[in-house]
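Visitor: I'm new to this one. Can you walk me through it?
Guide: Gladly. Here it is.

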Amino acid sequence: MRLLLVADTHLPKRAKDLPEPVWDEVATADVVVHAGDWVDLDTFDALAMHSKRLVAVYGNNDGPELRAWLPEVARVTLGGVRLAVVHETGDAKGRAARCDAQYPDADILVFGHSHIPWDSTTPGGLRLLNPGSLTDRRRQPFCTYQTAEIRDGQLGDVELHELPPKG
């Protein structure tokens, strides 16, 4: 099962559309996971229409329209792997212990908010993944997203993808 992990799209404030390589990934992904900060309902509608399956949450920049459709935390089991998705996890300091305590029933936690790509495993064995942002790199060298595979009840092949600079 192929996963596409995205967050912090901030459309149309930071870009007019998702980058073309991301739309290509949407077409091949079995599941698209969006960790919030869509900003507009049109992006949600487009991603929902083009995804085979969408697992998504709202973020702090998402208004009442998106909050009416999306949960703050999503939980789903994919191929035997327990996945949780949330927008914010708080400060990087203490994140591992905090997430172990808040998500004891998950194998993987996908989050956003910082726009900083992240891939680590907590002492409790929880895999923490933040795909960064597709449209707003902030202080990062590139805009980014992640892909991953689930095979035989295990997460594997987690890859960070850098998008070419705009312009």
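Visitor: How many salt bridges does the count come to?
Guide: The count comes to seven salt bridges. The rule asks for a side-chain nitrogen of Lys or Arg within 4 Å of a carboxyl oxygen of Asp or Glu. Bear in mind that this is a predicted model, where local features need pLDDT of at least 70, side-chain atom pairs count only at pLDDT 80 or more, and totals for chains, interfaces and linings use all residues. Residues are numbered from 1 along each chain as its sequence is written, and side-chain values use heavy atoms, with hydrogens and water left out.

Visitor: Which side chain meets Arg-2 in a salt bridge?
Guide: That of Glu-149, at 3.2 Å from N to O. This pair links distant parts of the chain. Arg-2 sits in strand β1 and Glu-149 in strand β9, 147 residues apart. Strands here are DSSP runs of E with at least two residues, helices are runs of H or I with at least four, and numbering starts at the N terminus.

Visitor: How do β1 and β9 pair?
Guide: In the antiparallel sense, over four bridges. β1 covers residues 2-6 and β9 covers residues 144-151. Two strands pair if DSSP finds at least two bridges between them. Leu-3 stands opposite Ala-148 in β9.

Visitor: What holds paired strands together, in general?
Guide: Strands of a sheet pair through backbone hydrogen bonds, either parallel or antiparallel.

Visitor: In what order do the five strands of that open sheet come?
Guide: The order is β3-β2-β1-β9-β10, with mixed pairing. β3 (54-56) and β10 (154-162) stand at the edges. Each has a single partner strand, so one side of each is left without a neighbour in the sheet. The twist averages 20° from one strand to the next. Axes are lines fitted to C-alpha atoms, for helices over the stretch in contact, and angles run from 0 to 180 degrees between N-to-C directions.

Visitor: Which helix packs on it?
Guide: Helix α1, residues 20-28. It touches β1, β2 (31-34), β9 and β10. The direction of α1 makes about 145° with that of β1. Contact means heavy atoms within 4.5 Å.

Visitor: What about β9 and β10, how many bridges join them?
Guide: Seven, and the two strands run antiparallel. Gln-146 has Leu-160 in β10 as its bridge partner. The two strands form a hairpin with two residues between them. Asp-152, in the turn, has a positive phi of about 50°.

Visitor: Why point out that phi?
Guide: Most residues other than glycine have a negative phi, and most peptide bonds are trans. Asp-152 has a positive value in a residue other than glycine.

Visitor: And where is the cis peptide bond?
Guide: Between Leu-11 and Pro-12, with omega about 0°. Pro-12 is in the loop between β1 and α1.

Visitor: What does Val-39 contact?
Guide: Leaving aside neighbours within four places in sequence, Val-39 is in contact with His-10, Leu-11, Lys-13, Asn-61, Asp-62 and Leu-66. Val-39 lies in the loop between β2 and α2 (41-50).

Visitor: Now the other sheet. Which strands form the one with β4?
Guide: Five strands in an open sheet, in the order β4-β5-β6-β8-β7, with mixed pairing. β4 (73-78) and β7 are the edge strands. Each has a single partner strand, so one side of each lacks a neighbour in the sheet. Neighbouring strands are turned by 15° against each other on average, direction ignored.

Visitor: How many bridges join β4 to β5?
Guide: Six, and the strands run antiparallel. Arg-75 stands opposite Ala-84 in β5.

Visitor: And β7 with β8?
Guide: Four bridges join β7 (residues 118-121) to β8 (residues 127-130), also antiparallel. Trp-118 has Asn-130 as its bridge partner in β8. Their hairpin has five residues between the strands, and Gly-125 there takes a positive phi near 95°.

Visitor: Which helix lies across β8?
Guide: Helix α4, residues 95-102. It lies across β4, β6 (108-110), β7 and β8, at about 110° to β8.

Visitor: Last topic. What volume does the largest pocket have?
Guide: About 260 Å³. A pocket is an open set of points on a 1 Å grid over the protein atoms alone, where a 1.4 Å probe fits, with protein on both sides within 12 Å along at least five of seven lines. Grid points are joined across faces, edges and corners, and the volume is the space filled by probe spheres set on the points.

Visitor: Which residues lie nearest its centre?
Guide: Cys-143, Leu-163, Pro-164, Pro-165 and Lys-166, among 14 lining residues. A lining residue has an atom within 4 Å of a point.
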